[in-house]
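Please look over the structure shown here, with attention to its salt bridges, its pocket and its nonpolar surface.

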Amino acid sequence: MENDDKIDRLCDSFNRMVNHYGQLEKEFHTYEAGTSLHLSDTHTIVAIGKNANINISNLAKLQGISRSAVSQMVSKLVKRGFVRKDISLQTDNEVVLSLTETGEKVFNAHKKQHERLKEKLAEIFAKYPDDTIDVLMRISSEIQDMWKHMALTGHTKKKKP
């Protein structure tokens with residue numbers, strides 16, 4: 001019974017963490033004069049910046065979201081001048097993505113923010129055993145697999161009937 005209480009408290013803590021992160025996702029983040037983006041847009045820019053000439057399908061897999069959601073986000077980022085779509089040099093029927101100069105500025109600004117975040121996380125993890133990050137990564141992976149399995153076996157519903 002004691003473990004049940006601990007798991008309940010852990011689930012509550014996880015939900016609060018997800019909610020706090022969700023709030024960050026909803027807010028606009030400013031990178032330079034007049035450039036405000038949602039965090040999800042920024043993370044799409046970063047994924048494209050890290051993966052030169054990635055296509056929509058691979059970007060969707062990388063981000064763990066649907067191809068149509070990525071396609072919509074990329075279209076919005078193209079219109080706003082952060083991302084460029086080009087025909088692949090390998091195949092004529094594939095579109096690949098790259099960053100514009102403005103997209104590169106956001107990518108670099110986010111990289112600096114990410115370095116500060118990593119420093120703060122390193123301070124937190126320094127208080128714990130050396131293998132803490134490895135343990136958390138294994139736990140995270142197992143929990144993600146559990147959620148995927150629940151979704152695939154019908155234990156969750158995507159939309160109300």
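**Salt bridges, pocket and patch**

The structure holds 4 salt bridges, each being a side-chain nitrogen of Lys or Arg within 4 Å of a carboxyl oxygen of Asp or Glu. This is a predicted model, in which local features need pLDDT of at least 70 and side-chain atom pairs count only at pLDDT 80 or more, while totals for chains, interfaces and linings use all residues. Residues are numbered from 1 along each chain as its sequence is written, and side-chain values use heavy atoms, with hydrogens and water left out.

- Glu2 forms a salt bridge with Lys6, with the closest N and O atoms 3.5 Å apart.
- Because Glu2 and Lys6 are 4 residues apart in helix α1, about one helical turn separates them; helices are DSSP runs (H or I, at least four residues) and strands likewise (E, at least two), numbered from the N terminus.

**Largest pocket**
- The largest pocket has a volume of about 2500 Å³, a volume being the space filled by probe spheres set on grid points that are joined across faces, edges and corners.
- A pocket is an open set of points, on a 1 Å grid over the protein atoms alone, where a 1.4 Å probe fits, with protein on both sides within 12 Å along at least five of seven lines; lining residues have an atom within 4 Å of a point.
- Of the 50 lining residues, Phe14, Met17, Tyr21, Ser140 and Gln144 are the closest to the centre of the largest pocket.
- α5 gives the most to this lining, with 12 residues.

**Nonpolar patch**
- Phe14, Met17, Val18, Leu136, Ile139, Ile143, Met146 and Trp147 make a nonpolar surface patch of about 700 Å² (residues with over 30% relative accessible area and no salt bridge, nonpolar side chains being joined within 5 Å; areas by the Shrake-Rupley method with a 1.4 Å probe).
- α6 gives the most to the nonpolar patch, with 5 residues, and Met146 lies in helix α6.

Note on methods
Patch = residues over 30% accessible without salt bridge, like charges linked within 9 Å, V, L, I, M, F, W, Y side chains within 5 Å.
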